[in-house]
2 protein chains.
Amino acid sequence: MKVFVIGIGLIGGSMAIDIKAAFNDAIIYGVDSNKEHIEQALNLGLIDQAATNVQLKEAEVVILTTPVDIAVRLLPDVLDEINEECLVFDAGSTKKNLCEVVAEHPRRRNYLATHPIAGTEFSGPKAAIANLYRGKTNIICEVEKTAFKLQEKAMEIFNRLGMRIRYMDAASHDKHIAYVSHLSHISSFMLGKTVIEKEKNERDIFDMAGSGFASTVRLAKSSPAMWTPIFEQNKDNVIETLEEYIANLEKFKKNIEEDKFPEIYKEMKETNHIKTILKGIN
Amino acid sequence: MKVFVIGIGLIGGSMAIDIKAAFNDAIIYGVDSNKEHIEQALNLGLIDQAATNVQLKEAEVVILTTPVDIAVRLLPDVLDEINEECLVFDAGSTKKNLCEVVAEHPRRRNYLATHPIAGTEFSGPKAAIANLYRGKTNIICEVEKTAFKLQEKAMEIFNRLGMRIRYMDAASHDKHIAYVSHLSHISSFMLGKTVIEKEKNERDIFDMAGSGFASTVRLAKSSPAMWTPIFEQNKDNVIETLEEYIANLEKFKKNIEEDKFPEIYKEMKETNHIKTILKGIN
């Protein structure tokens with residue numbers, strides 16, 4: 001099975017590791033505009049060969065794991081190049097733009113829009129790890145627009161990688177993911193920014209910050225190259241979540257200013273309910 | 001060594017475990033208004049005996065680990081009860097109020113104001129764990145107001161528990177900790193609230209939320225009984241941090257609205273610097 005991974009970083013590299021482990025006959029071809037990443041991916045054994053888009057006609061599977069701005073630009077070109085038996089899927093954190101850009105493409109049925117909810121705050125080929133996808137949810141959008149045989153091929157891969165499948169339309173995906181992922185990243189980045197701005201003496205932060213701060217600010221280590229286009233493509237939903245988040249913070253601040261501490265207690269008590277929701281998330 | 005722990009939960013219970021392990025002669029007396037917690041603490045072996053404040057005159061060490069509103073009320077009474085060789089220290093997340101309330105107390109020199117930066121999002125005796133304090137920072141305020149011999153006694157305990165010591169005045173402590181701890185808790189609680197409000201269908205949250213969300217929202221599991229009085233006692237600093245945090249979020253939102261994505265990239269890139277700062281925090 002000839003698998004082309006376009007964009008060899010944390011996401012594509014981790015997928016390459018697991019596919020190689022799960023399919024004896026898999027040969028992984030890496031495509032990346034960053035020569036250093038290709039070099040690293042070869043040295044780390046993530047890919048068997050470096051390749052170019054020109055070779056895509058040989059591909060049986062193409063996995064598009066670039067930042068989403070590049071994915072939107074590349075996907076139509078990739079569909080132009082591939083043979084008609086080839087499965088193409090992506091792993092981007094936004095789905096609506098990608099689905100729209102190929103809606104009328106003659107090879108639309110070769111493409112499956114997917115979003116495996118998996119990752120770490122690190123990036124690049126060196127961040128790739130085995131079993132990143134095991135037990136994780138993979139959200140598939142507009143499944144009915146993909147050829148049935150290629151759906152099956154994709155499911156075989158996702159099953160062997162240990163993913164649970166959920167189906168959703170692209171607009172709902174983008175709306176929900178804004179709350180449970182995109183907003184988390186912004187809240188974390190802005191928390192990091194606020195603290196860095198205030199505490200110019202880093203030694204003080206380091207000494208006083210505990211595991212709680214480290215956990216809350218962890219996502220502020222994430223790659224700006226990956227996240228900027230996500231916020232751009234999901235602009236309307238992200239703005240909506242930010243407005244609600246800011247309104248909640250304003251209300252909390254007002255309650256403190258007005259000494260409404262029983263109200264603050266009540267809000268936190270209700271939000272403790274997140275315990276139940278989080279059970280089972282790795 | 002007769003050690004009285006007033007408030008047997010995560011913080012006091014974990015300290016009891018480690019002190020018992022580090023001092024052969026330690027006998028731990030537990031004082032708590034919550035009878036169920038006393039019962040659990042006895043069953044878990046966190047304490048050797050239940051006790052009352054009346055017995056405090058026998059104490060060699062008193063550790064005050066109640067929520068900070070109760071600590072402020074109890075500390076003067078505790079100082080009234082103890083013998084003159086007794087060391088009293090607390091572990092609260094605010095220091096200014098506690099220091100003020102006993103500033104003129106005749107037994108002020110028996111008290112050491114401390115804040116071990118350690119904890120988890122859980123609470124109660126069942127949350128107590130061994131080695132919670134190992135490698136963690138303990139911030140000591142107004143050390144010069146504590147009798148030298150009792151400082152030594154405290155250091156012997158903190159050393160055996162594996163804590164690093166930092167000295168700070170109470171006002172600076174409260175200001176800095178607002179940024180690296182109190183604000184993290186509010187950002188996390190409000191993130192949880194925003195998502196819960198929006199996503200009434202919890203199954204959807206569960207399916208789409210990944211480890212990033214779980215990490216960012218972890219502190220929203222924390223105890224409201226512990227955190228409400230912290231926000232109350234540190235009101236001015238918390239309001240200041242919230243204003244700066246909200247202003248940063250507003251600016252981020254405005255940049256998205258005005259399609260200033262290069263600016264957003266730049267902000268995130270700069271905030272990535274948190275990586276360096278966080279190195280070494282457990």
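The rule asks for a side-chain nitrogen of Lys or Arg within 4 Å of a carboxyl oxygen of Asp or Glu. I noted the pair A:Lys221 and A:Glu121, whose closest N and O atoms are 3.7 Å apart. I keep in mind that this is a predicted model, where local features need pLDDT of at least 70, side-chain atom pairs count only at pLDDT 80 or more, and totals for chains, interfaces and linings use all residues. Residues are numbered from 1 along each chain as its sequence is written, chains are lettered from A and ligands numbered from 1 in the order in which they are written, and side-chain values use heavy atoms, with hydrogens and water left out.

**The rest of the domain interface**

I then counted polar contacts between domain 1 and domain 2 of chain A and got 10 residue pairs, both residues at pLDDT 80 or more. A polar contact is a pair of N or O atoms within 3.5 Å; within protein, one must be able to donate a hydrogen and the other to accept it, and residues adjacent in sequence count only if both atoms are side-chain atoms. Which element gives the largest share of the domain 1 side that touches domain 2 in chain A? I found H3(A), with 3 residues. The residues of that side of domain 1 of chain A divide into 9 nonpolar, 5 polar and 5 charged. Here Ala, Val, Leu, Ile, Met, Phe, Trp, Tyr, Cys and Pro count as nonpolar, Asp, Glu, Lys and Arg as charged, and the others, Gly among them, as polar.

I checked the bounds: the assignment, automatic or from a database, gives domain 1 (2-170) and domain 2 (173-278) in chain A. The centres of these two domains of chain A, taken over C-alpha atoms, are separated by 30 Å. Their contact (heavy atoms within 4.5 Å) takes 19 residues from domain 1 of chain A and 17 residues from domain 2 of chain A. The two domains of chain A bury about 1,400 Å² between them, 60% of it on carbon and sulfur atoms. Buried area is the accessible area (1.4 Å probe) that two parts lose on being put together, summed over both. A:Ser93, A:Thr94 and A:Glu121 supply 41% of the area that domain 1 of chain A buries against domain 2, more than any other three residues.

**Chain A against chain B**

I superposed chain B on chain A by a rotation of 180° with 0.0 Å of shift along its axis (RMSD 0.0 Å), using least squares on the C-alpha atoms of residues with pLDDT of at least 70 in both. The two copies are thus related as by a two-fold rotation axis. B:Thr216 comes closest to that axis among the residues of chain B, at 2.2 Å (C-alpha).

I found 92 residues of chain B in contact with 92 residues of chain A. The copies meet through the same surface, because 100% of the interface residues of chain B are also interface residues in chain A. The chains bury about 9,000 Å² between them, 69% of it on carbon and sulfur atoms. I counted 10 salt bridges between chain B and chain A. One of them joins the side chains of A:Asp259 and B:Lys235 (2.9 Å, N to O).

Methods
Helix = DSSP H or I, 4+ residues; strand = E, 2+ residues; numbered from the N terminus.
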